[in-house]
Amino acid sequence: MRALRKPAPGPGLELQDIPEPTTGFREVKIRVLRTGLCGTDLHLAGWDDFAAAQLHPPMTLGHEFYGEIVEIGSGTATDESTADDDTDYLSIGQRVSVEGHITCGRCRNCRAGRRHMCIRTNSIGVNRDGAFADYVVVPARNVWPQADTIDPDLGALFDPFGNAVHTAMQFPPASEDVLITGAGPIGVMCAAIARHCGARNVVITDLSDYRLSLAEKVGVTTVNTGREDLRTVMHDLGMTEGFDVGLEMSGAPAATRQMIDVCNHGAKIAMLGLPKAGYEIDWNKVITHMLTIKGVYGREMYDTWYKGSFMLGSSERLRNEIRGLVTHRFAPEQWQDAFETARSGECGKVIINWEE
Ligand SMILES: NC(=O)c1ccc[n+]([C@@H]2O[C@H](COP(=O)([O-])OP(=O)(O)OC[C@H]3O[C@@H](n4cnc5c(N)ncnc54)[C@H](O)[C@@H]3O)[C@@H](O)[C@H]2O)c1
Ligand SMILES: [Zn+2]
Ligand SMILES: [Zn+2]
């Protein structure tokens, strides 16, 4: 099969021809239909400090994907009577997305049902072979069967869409003024979700007009803070105080500082964006304005998946908006163009189509 792999430590990837993987205990084999590219893949391909610490080549990358179950390993239930408390039953031909975080099941958080806070999380496409390949084998427990309303492109977005759902659901957005910093794919998804959930004003910032043009399509207020004054925009929207909820989706220190500056007293800020390094913020403001700042990682297993599926299932508009974030599609053989496009920033989600 074809597999996009990191053959050895160092920059670069190779599209190789390797044997198909086989299923072990409680694993399933999936024929991959679509795989999305994300920032993590760019870090791993380019080989920075994060990559060198996390990835032990040879390894197939790719963790945002959708496909079809083609083989079910031993120990996995295939009907109601054999299903147990570990996994629901699965069937050949089922269309699925996959939670990319594999948790230990035995640490305190896992045992308390807080698997997204597992202290021993492993990742598909980082610590074990991933889905930039015709086939991938994953734990049955990580499989999320999809409804027919979820097409392959949309199905491949469930990992970043789940990040957006997880972040946007930290603090109830209904009737609040919500500020989102960073109009990357996940920031724009957050904007669509906040609007869907009944926020009063949804304002999203970025420094890139291309990225803001993607956000405009989901019907929220866009601000290029490189040249526009956020406070003027707030005034024009009739906001007399500050934002009630902030969703930090850029990882940029300047964006976080600005968010703290324009939030109302008592505001709640959820942070998903990963900064390159530590940085200073105005702690006096955090303290005297009684701000709540909360880090957000991954997706809740599996409540985020239920929430995301139900949100998309009940709203064709939201489905179209999320799917609309796919701006580029490539065949596996064009993987270099795909990575180049993702690196340029002049894109929404970039997807590799394994049916080509
Ligand atoms: N915590 C997690 O589990 C998790 C999971 C996935 C992604 N992430 C992080 O979430 C963030 C969003 O992901 P993405 O794929 O949408 O990323 P992305 O890099 O595509 O988007 C980030 C956007 O922020 C913009 N930006 C940069 N400086 C800014 C500023 N000062 N003000 C406003 N916008 C600014 C960039 O132009 C870009 O459009 C990234 O930082 C990513 O690393 C975290
Ligand atoms: Zn990702
Ligand atoms: Zn654990």
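This is a predicted model: local features need pLDDT of at least 70, side-chain atom pairs count only at pLDDT 80 or more; totals for chains, interfaces and linings use all residues.
Student: What order do the strands of the six-stranded open sheet have?

Tutor: Strands of a sheet pair through backbone hydrogen bonds, either parallel or antiparallel. Helices (H or I, at least four residues) and strands (E, at least two) are DSSP runs, numbered from the N terminus, and two strands pair if DSSP finds at least two bridges between them. Here the order is S13-S12-S11-S14-S15-S16, and the pairing is parallel. Strand S13 (221-224) and strand S16 (292-295) each have a single partner strand, so one side of each lacks a neighbour in the sheet. On average, neighbouring strands of this sheet are turned by 20° against each other, direction ignored.

Student: Are the residues of S11 buried or exposed?

Tutor: A residue is buried if 20 or more other C-beta atoms lie within 10 Å of its own, exposed if 12 or fewer, and partly exposed in between, with C-beta atoms placed from the backbone. In S11, five of its five residues are buried. Asp177, Leu179 and Thr181 point one way from the strand, while Val178 and Ile180 point the other way.

Student: Which strands does helix H6 lie across?

Tutor: Two residues are in contact if their C-beta atoms, placed from the backbone, lie within 7 Å. Axes are lines fitted to C-alpha atoms, for helices over the stretch in contact, and angles run from 0 to 180 degrees between N-to-C directions. Helix H6 (residues 185-196) lies across S11, S12 and strand S14 (243-248), and runs at about 175° to S12.

Student: Which residues of the shell around ligand 1 are the closest?

Tutor: A residue is near a molecule if its C-beta atom, placed from the backbone, lies within 6 Å of it. Ligand 1 is surrounded by 28 residues, of which the closest are Gly182, Gly184, Ser250, Gly251 and Ala252. Two or more residues of this shell come from each of H6, S12 and helix H9 (253-262); H6 gives the most, with three residues. The shell divides into 13 nonpolar, 13 polar and two charged residues, where Ala, Val, Leu, Ile, Met, Phe, Trp, Tyr, Cys and Pro count as nonpolar, Asp, Glu, Lys and Arg as charged, and the others, Gly among them, as polar.

Student: Where does Ser250 lie, and why does Ser250 count as buried?

Tutor: Ser250 lies in the loop between S14 and H9. Ser250 counts as buried because it has 25 C-beta neighbours inside 10 Å. Leaving aside neighbours within four places in sequence, Ser250 is in contact with Thr181, Gly182, Ala255 and Gly273. Ser250 and Leu274 are 24 residues apart in sequence and 7.3 Å apart in space, C-alpha to C-alpha.

Student: Where does Leu37 lie, and which residues does Leu37 touch?

Tutor: Leu37 lies in the loop between strand S3 (27-36) and helix H1 (39-46). Not counting residues up to four places away in sequence, Leu37 touches Ala338, Phe339, Ala342 and Val350. Leu37 counts as buried because it has 25 C-beta neighbours inside 10 Å.

Student: Which residues do the UniProt domain annotations cover?

Tutor: UniProt positions are given in the numbering used here, feature names are shortened, and annotations may be inferred rather than shown by experiment. The unreviewed UniProt entry annotates residues 26-145 as "domain: Alcohol dehydrogenase-like N-terminal", a span that is 15% helix and 31% strand. The unreviewed entry also annotates residues 185-306 as "domain: Alcohol dehydrogenase-like C-terminal"; over residues 185-306 the chain is 39% helix and 24% strand.

Conventions:
Residues are numbered from 1 along each chain as its sequence is written. Chains are lettered from A and ligands numbered from 1 in the order in which they are written.
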